Each structure stands twice: as structure tokens, then as C-alpha cells.
Amino acid sequence: MKLESLIEQLMNKYEHIAEIHIAHPDLSGSETYIHVKVHTGEAESIEEYLDIVPSGNIKVKTADERSWTLPVTVMATYDGPGNIQRTSGTTIYKSDDVIGAEPRDVETGITMFRKKLVGMCPHCGAEPESLIDHYRDNMDCAAAEEGRA
Ligand SMILES: [Zn+2]
């Protein structure tokens, strides 16, 4: 299954989603999996694992047009939105009614995600050795990543 299809299924499954966040490998490490978290008041618990990807694998395309197949877990939570954006996590959707944050549509979010998978800053396009250092030195990039309103 492609990541885009999974996100589409999730958007159809719930009437209202506040945020979708993807935790993904920091490429300096050896872990290769992604964890999709859906923030919605319709979740049955704070950690409701969804059996929505039968194969357990998801196809993602990186910003440099490579295709990766990664193990995936999908979880819904009624916990409120708000994830700290790091090199190993990206908010790919945020609804326009989340207070104190700018909305983010899925297309924008997935584009950012693809860049971050290859260590590229989603905002200025730099490919720093360390995205963490890059954010520390570039307040604008860090602020854009956080989506602070
Ligand atoms: Zn940047």
C-alpha cells in the first residue's frame, strides 16, 4: 500500500482529524519503520492500534524519487494534537481549527515528509549534516517546521 492511499483511507474513516503525525527513522540510525498517529476525538482509546495495512508494509517515495518499503504501524488517539517536530517526526496534516498552529494540508505535509526522509530541510532545501543543528541555527526553518501561528 502506498502512503498516500493509507492517508486517504484515514481521512475517509474519520469525520474529523485534528492532526496526523508520522514518526520516521532518523537516517543516521538503523531503524527503518514508520509510525502513523492520528489525533481524532473519534478514537476509542489513547492508543488504538488500527489494522488498516494488511501487509504491514507501506511504500513511500523520498524527495529524490527513490521508493522505500517500510514496516508501518498505525494508531489513532484521542489525545490532543501537538507533536514536537524533529528530524525523526513530521506532522503531515493539521486541521484549520487547531488553536495556536497553522493548518497543514496533506500534500504539503507529505512533501515535507519526503524531504526529511533524505535529511533535507523542508523549508530552505539545504541538506545539512545534521537537521537538528540546522534548525538550531535557522530560526525561520525551525518555526516553519513547527507550524507556529
Ligand atoms: Zn532550512
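These exercises work through the fold, core and strand pairing of one predicted model. Residues are numbered from 1 along each chain as its sequence is written. In this predicted model, local features need pLDDT of at least 70 and side-chain atom pairs count only at pLDDT 80 or more, while totals for chains, interfaces and linings use all residues.

**Exercise 1. Check the radius of gyration against the globule rule.**

Step 1. State the rule. The radius is taken over C-alpha atoms, and the rule is 2.2 Å times the number of residues to the power 0.38.
Step 2. Apply it. For 149 residues, a compact globule would have a radius of gyration near 15 Å.
Step 3. Compare. The protein chain has 15 Å, which agrees.
Step 4. Along the principal axes, the C-alpha atoms fill roughly 40 × 35 × 20 Å.

**Exercise 2. Find the residues that touch the most other members of the largest nonpolar core.**

Step 1. Define burial. A residue is buried if 20 or more other C-beta atoms lie within 10 Å of its own, exposed if 12 or fewer, and partly exposed in between; C-beta atoms are placed from the backbone.
Step 2. Define the core. It is a set of buried Ala, Val, Leu, Ile, Met, Phe, Trp, Tyr and Cys residues joined through C-beta atoms within 7 Å.
Step 3. Pick the residues. The largest core has 22 residues, and Ile20 and Val36 touch the most other members.
Step 4. Name the sources. Elements giving two or more residues to this core include helix 1 (3–13), strand 2 (34–39) and helix 2 (106–117).
Step 5. List contacts (C-beta atoms, placed from the backbone, within 7 Å). Not counting residues up to four places away in sequence, Val36 touches Leu6, Ile20, Ile22, Val72 and Val74.

**Exercise 3. Describe how strand 1 and strand 6 are joined.**

Step 1. Two strands pair if DSSP finds at least two bridges between them.
Step 2. Count bridges. Strand 1 and strand 6 run antiparallel, joined by 5 bridges.
Step 3. Locate a facing pair. His21 stands opposite Thr91 in strand 6.

**Exercise 4. Classify Ser130 as buried, exposed or partly exposed.**

Step 1. Ser130 is in the loop between helix 2 and helix 3 (131–137).
Step 2. Classify. Ser130 is partly exposed, because 13 other C-beta atoms lie within 10 Å.

Definitions and conventions
Helices (H or I, at least four residues) and strands (E, at least two) are DSSP runs, numbered from the N terminus. Two residues are in contact if their C-beta atoms, placed from the backbone, lie within 7 Å.
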